[in-house]
Amino acid sequence: MADGTSSAVVRAVGNLGERLSDFTQRWIPDSWVVCMILTVMAIVLAMFGANATLNEAVLAWGGGMWQLLELAMQFSIAMIAAHACVSSRPVFNMLDRLANLPDKQRPVQAVVMLAIFSMTIGYVNWALSLVASALFVPFVARRNPNADIRVLIGAAYLGVGTIWHGGLSGSAPLILATPGNPLLEPGSGEPVIDRLIPVTESLFNPFNLTYVVVLFLVALGTIAVLHPRGRPRTLTPEQIDRIMPTLPETDEQTTPARRLEGFPGWIWLAAILIGYPLGHSIVTRGFGASWTINAYNAVFLVSALLLQQRPANLVRAFANGARTASGVILQFPFYAGIFGVINNTDLGGWLGGLFVRFATTESYPLVVYFYSGFMNLFVPSAGSKWLIEAPYLLPAAQELGVSATTTVLAYAYGDSTTNLIQPFWAIPILTVTGLRFGDVLGYTGIVAVVCTITSVIAMLLIPAAL
């Protein structure tokens, strides 16, 4: 009887995800259109909440539009270089074997494997999880033809939608631990914090480690039961072939130009030129000070060089991988514009004051959690957003007797959860698979609700003076 009830609940949850997905497919537009809707909302809020004129709000948007070009280029290189790594024979064969492990008659196994893959890498580094999970989806879809592609994409997105900000690359906690950060040593005015907060007090705090484990298991269980028990939506073999990475070809070296293109010495020279400065920085400055997104990109580039082996293969792999970065290239300037509206008007301070006005010592972590999640819809850049919000969140916390560690963890958890309903970081996965955000929002939205409930309980239990 109990087994029958449990199976009925699982079927009901799976069917709920499918029905909600049908709704979001019909009503949720392309992710760029969502970005433009958020742009309008930000401008309207700046006008009516922060008393900015339309002229000031639009100029603030224009002032921010190009502020994230460096980050956009970093992500584009990361995605294209990662694609070049995956399209090499060693990595291609490794991912293909891994994708072949689940039982073909049990598609939930494929979903679970992909979710574990995404969240495990997400704990180590969010950018690596984003790129690696996106490129792993075609392999899993090909080897597991009964797995619903929408749920697979939802599973691949869990790395940046659940635990990443409590993991090793958590932006806000790392900023508080970095010497010379703008909150400790501002260009002008009083410092926001009076000391560095090492990661041993934040990311490696027992409360955070427990939260990460619990949320990992909650998200994993939720995405597993969401797989439709009826007819899943799958990709045709032709669609999968179009999104699979292309393996390198062997060119005939019949001319001097071809022989120069096939000379492996160029690969080794480039790998040394990229790898040596990174190694030198790690040795002289330390791993923590050297390991940035540029360092990850250097590793991706060196790996792509060595795995592709020949210049012609590398050039071809980069050309094939450029498509995966198209969404990032298009949308980054528009989200940077929203960032400009919040940063160049009083909108951020107005929203912060609105949220903390009625907070108490006990409720403040919960308020910060929801506020961070709300702001993440407009500025999906955790580090930049923290530098905007910390100057009023941390003083308010101090006034209420809430520690900076408690505040930054509440901020981190809220920032992660709404990634599941915000299309920006889903762009790489959607670009690779050719689906729209509305196709998967029904599933990621349910995971977001369950994770929010879990996080609310955590925020009510988190010690104020952590």
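Student: In which helix is Ala155 found?

Tutor: Ala155 is found in helix 8, which covers residues 149-156. Please keep in mind that the model is predicted.

Student: Is Ala155 buried or exposed?

Tutor: Ala155 is buried, because its relative accessible area is 0%.

Student: Which residues does Ala155 touch?

Tutor: Leaving aside residues up to four places away in sequence, Ala155 touches Val111, Leu114, Ala115, Ser118 and Ile223.

Student: And how many residues apart in sequence are Ala155 and Met119?

Tutor: Ala155 and Met119 are 36 residues apart in sequence, while their C-alpha atoms are 8.8 Å apart in space.

Student: At what angle do helix 6 and helix 8 cross?

Tutor: Their axes cross at roughly 25° and come within 7 Å. Helix 6 and helix 8 are therefore roughly parallel to each other. Helix 6 passes helix 8 in a right-handed crossing.

Student: Which residues meet there?

Tutor: From helix 6, Ala110, Val111, Leu114, Ala115 and Ser118 take part, and they meet Val151, Leu152, Ala155 and Ala156 of helix 8. By class, this contact of helix 6 with helix 8 has eight nonpolar residues, one polar residue and no charged residues.

Student: Let us stay with helix 6. How many residues has it, and how far does it reach?

Tutor: Helix 6 has 18 residues and reaches 27 Å from its first C-alpha to its last, close to the expected 26 Å.

Student: Which residues of helix 6 are buried?

Tutor: The buried residues of helix 6 are Pro107, Ala110, Val111, Met113, Leu114, Ala115, Phe117, Ser118, Met119, Ile121 and Gly122.

Student: What covers them?

Tutor: The cover over the buried residues of helix 6 includes helix 5 (89-99), helix 7 (126-143), helix 8, helix 9 (158-161) and helix 11.

Student: How do helix 6 and helix 11 cross?

Tutor: The axes of helix 6 (residues 107-124) and helix 11 (residues 206-225) come within 9 Å and cross at roughly 155°. That angle makes helix 6 roughly antiparallel to helix 11. Helix 6 passes helix 11 in a right-handed crossing.

Student: Which residues of the two helices meet?

Tutor: On the helix 6 side they are Val108, Val111, Val112, Ala115, Ile116, Met119, Thr120 and Tyr123. On the helix 11 side they are Leu209, Val212, Phe216, Ala219, Leu220, Ile223 and Ala224. The contact of helix 6 with helix 11 divides into 14 nonpolar residues, one polar residue and no charged residues.

Student: Where is the place of Thr222?

Tutor: Thr222 is in helix 11. Thr222 is buried, with a relative accessible area of 10%.

Student: Which residues does Thr222 touch?

Tutor: Not counting residues up to four places away in sequence, Thr222 touches Ile446, Val447 and Val450. As for Asn146, Thr222 is 76 residues apart from it in sequence and 19 Å apart in space, C-alpha to C-alpha.

Student: Back to helix 8, please. At what angle do helix 8 and helix 24 pack?

Tutor: Helix 8 and helix 24 (residues 437-461) pack at an angle of about 60°, and their axes are 9 Å apart. That makes helix 8 oblique to helix 24. The crossing of helix 8 and helix 24 is right-handed.

Student: Which residues meet in that case?

Tutor: Arg150, Val151, Ile153 and Gly154 of helix 8 meet Asp439, Val440, Tyr443 and Thr444 of helix 24. The residues of this contact of helix 8 with helix 24 divide into four nonpolar, two polar and two charged.

Student: A change of topic: how many residues has helix 2, and which of its residues are buried?

Tutor: Helix 2 (residues 31-48) has 18 residues and reaches 26 Å from first C-alpha to last, close to the expected 26 Å. The buried residues of helix 2 are Ser31, Val34, Cys35, Leu38, Thr39, Ala42, Ile43 and Ala46.

Student: Where is Asn51 found?

Tutor: Asn51 is found in the loop between helix 2 and helix 3 (54-64). Asn51 is exposed, with a relative accessible area of 67%. Phi of Asn51 is near 60°, a positive value in a residue other than glycine.

Student: And where does Gln309 lie?

Tutor: Gln309 lies in the loop between helix 16 (293-308) and helix 17 (311-321). Phi of Gln309 is near 75°, a positive value in a residue other than glycine. Gln309 is exposed, with a relative accessible area of 52%.

Methods. Residues are numbered from 1 along each chain as its sequence is written. This is a predicted model: local features need pLDDT of at least 70, side-chain atom pairs count only at pLDDT 80 or more; totals for chains, interfaces and linings use all residues. Side-chain values use heavy atoms; hydrogens and water are left out. Helices (H or I, at least four residues) and strands (E, at least two) are DSSP runs, numbered from the N terminus. The expected span of a helix is 1.5 Å times one less than its number of residues. Buried means under 20% relative accessible area, exposed over 50%, partly exposed in between (1.4 Å probe, protein chains only). Axes are lines fitted to C-alpha atoms, for helices over the stretch in contact, and angles run from 0 to 180 degrees between N-to-C directions. Angles under 35 degrees count as roughly parallel, over 145 as roughly antiparallel, 65 to 115 as roughly perpendicular and the rest as oblique. A crossing is left-handed if the near helix is turned anticlockwise from the far one by less than a right angle, and right-handed if clockwise. Contact means heavy atoms within 4.5 Å. Ala, Val, Leu, Ile, Met, Phe, Trp, Tyr, Cys and Pro count as nonpolar, Asp, Glu, Lys and Arg as charged, and the others, Gly among them, as polar.
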